[in-house]
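Here is a short walk through one protein chain. Keep the sequence and the 3D view side by side as you read.

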Amino acid sequence: QVQLVESGGGLVQAGGSLRLSCAASGSTFSRTAMGWFRQAPGKEREFVAAISRIGIITNYADSVKGRFTISRANAKNTLYLQMNSLKPEDTAVYYCAAYRDSIGSKPDYWGQGTQVTVSS
């Protein structure tokens, strides 16, 4: 079982930056692929970014490529999402996720989410 706790959300103006963090419990973090998803009001949850176990492979949604960067610090059991050049359409609840398998599979564990609001 993996427990995930997100932090770092908030209100920011368009063009600004935020860094989200996700603290993971347990001793298996370095062997677990991780990802970020988001859900805007009235929309389905969507993929944002993912990173392999030791950070060599990363994937991004087209909508965030070049603006968001996913990274991890295995020694700290922490996942990050650096978000730059934020747009109002980035407003959503952002969820941290852990995969028992590879990043191409469906996540198996979810955090409770952190709200990101981008004002125009």
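**A guided walk**

The side chain of Thr32 reaches 2.8 Å to the backbone oxygen of Thr28. That is a polar contact (a pair of N or O atoms within 3.5 Å; within protein, one must be able to donate a hydrogen and the other to accept it, and residues adjacent in sequence count only if both atoms are side-chain atoms). This is a predicted model, in which local features need pLDDT of at least 70, side-chain atom pairs count only at pLDDT 80 or more, and totals for chains, interfaces and linings use all residues. Residues are numbered from 1 along each chain as its sequence is written, and side-chain values use heavy atoms, with hydrogens and water left out.

Stay with Thr32. The loop between S3 and S4 holds Thr32. Strands here are DSSP runs of E, at least two residues long, numbered from the N terminus. Is Thr32 buried or exposed? Thr32 counts as buried because its relative accessible area is 9%. The scale is simple: buried means under 20% relative accessible area, exposed over 50%, and partly exposed in between (1.4 Å probe, protein chains only). Setting aside neighbours within four places in sequence, Thr32 is in contact with Arg53, Arg72, Ala98 and Tyr99. Contact means heavy atoms within 4.5 Å.

Now go to the core. In soluble globular proteins, nonpolar side chains tend to be buried together. A nonpolar core is a set of buried Ala, Val, Leu, Ile, Met, Phe, Trp, Tyr and Cys residues joined through side-chain atoms within 4.5 Å. The largest one has 28 residues. Which of its members touch the most others? They are Leu4, Met34, Trp36, Leu79, Leu81, Met83 and Tyr94. Several strands give two or more residues to this core, including S3 (18-24), S4 (33-39), S8 (78-83) and S9 (92-99). Another core, of 6 residues, lies apart from it, with Ala33, Phe37, Ala50 and Ala97 among its members. Look at Leu4 in the main core. Beyond four places in sequence, Leu4 touches a list of residues that includes Cys22, Met34, Cys96, Tyr109 and Trp110.

Charged residues come next. Side chains of opposite charge can pair when their charged atoms come close. The structure holds 5 salt bridges. Each is a side-chain nitrogen of Lys or Arg within 4 Å of a carboxyl oxygen of Asp or Glu. One of them pairs Arg38 with Asp90, with 2.9 Å between the closest N and O atoms. This pair links distant parts of the chain: Arg38 is in strand S4, Asp90 is in the loop between S8 and S9, and 52 residues separate them. Arg38 counts as buried because its relative accessibility is 6%. Asp90 is buried too, because its relative accessible area is 0%.

Another polar contact, of 3.5 Å, joins the side chains of Arg38 and Ser63. Beyond four places in sequence, Arg38 also touches Glu44, Val48, Phe68 and Ala92, among others.

Two other salt bridges can be found. Lys65 pairs with Asp62, and their closest N and O atoms are 3.2 Å apart. Asp62 counts as exposed because its relative accessibility is 66%. Asp108 pairs with Arg100 at 3.5 Å between the closest N and O atoms. Asp108 is partly exposed, with a relative accessible area of 30%, while Arg100 counts as exposed at 59%. Salt bridges that share partners also join Arg38, Glu46, Arg67 and Asp90 into one network.

Return to the loop between S8 and S9, where Ser85 is found. Ser85 is partly exposed because its relative accessibility is 41%. Phi of Ser85 is near 50°, a positive value in a residue other than glycine. Leaving out residues up to four places away in sequence, Ser85 touches Gly15, Gly16, Ser17, Arg67 and Asp90. Asn77 also has a phi near 50°. Its place is in the loop between S7 and S8.

Finish at Ile56. It sits in the loop between strand S5 (46-51) and strand S6 (58-60). Ile56 counts as exposed because its relative accessibility is 67%.

Key:
Helices (H or I, at least four residues) and strands (E, at least two) are DSSP runs, numbered from the N terminus.
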